[in-house]
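Let me put the chain up on the screen before I say anything about it.

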Amino acid sequence: MGHCARRLPLGNGTYNVTNVAIADFGGWASKAGAQLLSADFNGDGIDDLALVGHSGWDTVPVAFAEGTQGREGAFSVTDFKVSRLPSQCAESGMKAVAGDFNGDGKGDIVCIGHTNYDGIPTAFGKGDGQFNVVYHTAADFPSLASQSGVQMVAGDFNGDGLDDLALAGKSGWATISIATSNGDGQFGVTSIRSEEFSKLASAAGAQLVSAQFNTDEKADLALAGGSGWDTIPTAFSD
């Protein structure tokens with residue numbers, strides 16, 4: 001039986017560490033290619049964990065955080081079969097992110113980045129560890145995601161309550177590519193010109209993240225990890 005370690009923040013820069021036994025999930029997470037994702041997959045206001053990416057999987061393991069007092073660090077695990085997405089996420093070059101792409105309060109999963117794709121496979125969470133998978137074409141976004149050096153993150157970049165996708169990191173790019181969710185698995189694709197940020201995103205070691213770094217309720221982008229950097233480049237959504 002595996003263990004899942006979790007650090008609970010106390011709000012003063014320190015943590016209480018738990019390490020509760022979790023059946024199977026720890027071992028699955030160690031499989032080649034496995035990617036660990038986090039989102040609120042059942043809509044209870046507490047973030048959970050999911051795994052995708054191992055070749056041969058036809059399921060999406062989900063570890064639901066219990067989160068109640070006295071049960072912090074404990075998880076209950078589901079492992080339901082999911083149509084197509086597990087094998088898609090295991091293909092070469094695929095990048096996986098979690099977010100709420102239809103605004104129902106339950107976490108969803110997107111995998112993209114293989115050269116053969118012209119659409120965005122999206123698995124909408126049902127709240128119990130099961131997912132409904134849809135696939136819609138999305139202009140040039142899939143081909144952009146497959147290019148060397150590109151990183152993908154999810155966040156609500158237009159403030160409409162639906163998470164979107166962003167790409168950055170390709171050498172020579174002068175734009176940030178955004179795929180805005182329509183809520184049904186379809187995405188509208190735009191390119192935001194940002195020469196300085198795009199150049200920095202392509203630097204060796206640069207890591208791209210998305211979060212809300214101001215109070216306008218729109219997701220922003222930040223970079224860290226470039227060699228010799230003493231700054232945190234941040235791109236604020238308009």
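I'll go through the aromatic pairs, then the nonpolar cores, then one hairpin.

Quick housekeeping: this is a predicted model, so local features need pLDDT of at least 70 and side-chain atom pairs count only at pLDDT 80 or more, while totals for chains, interfaces and linings use all residues. Residues are numbered from 1 along each chain as its sequence is written, and side-chain values use heavy atoms, with hydrogens and water left out.

How many aromatic pairs does the structure hold? Three, where a pair means Phe, Tyr or Trp rings (the six-membered one for Trp) with centres within 6.5 Å; planes under 30 degrees apart are stacked, over 60 edge-to-face, the rest tilted. Take F41 and F131: the ring centres are 6.1 Å apart with the planes at 75°, so that's edge-to-face. This pair bridges distant bits of chain, since F41 sits in the loop between strand 3 (35-39) and strand 4 (48-52), while F131 is in strand 10, 90 residues apart. Strands and helices here are DSSP runs numbered from the N terminus: E of at least two residues, H or I of at least four. F41 is buried at 2% relative accessibility, and F131 is buried too, at 9%. By buried I mean under 20% relative accessible area, with exposed over 50% and partly exposed in between, using a 1.4 Å probe and protein chains only.

Then there's F101 with F187, also an edge-to-face pair, 6.2 Å centre to centre and 65° between planes. F101 is in the loop between strand 7 (95-99) and strand 8 (108-112), and F187 is in strand 14 (residues 187-193), 86 residues apart. F101 comes out at 0% relative accessibility, so it counts as buried.

Now the cores, meaning sets of buried Ala, Val, Leu, Ile, Met, Phe, Trp, Tyr and Cys joined through side-chain atoms within 4.5 Å. The largest has 20 residues, and F41 and F131 are among those with the most contacts inside it, along with V52. Strand 5 (59-65) and helix 2 (85-89) are among the elements that each supply at least two residues, and strand 5 gives the most, with three. A second, separate core has 19 residues, including L144 and W173.

Last, the hairpin. Strand 9 (residues 119-125) and strand 10 (residues 131-137) pair antiparallel over seven bridges; pairing takes at least two DSSP bridges. G119 has T137 as its bridge partner. Five residues lie between the strands, and G127 takes a positive phi near 100°.
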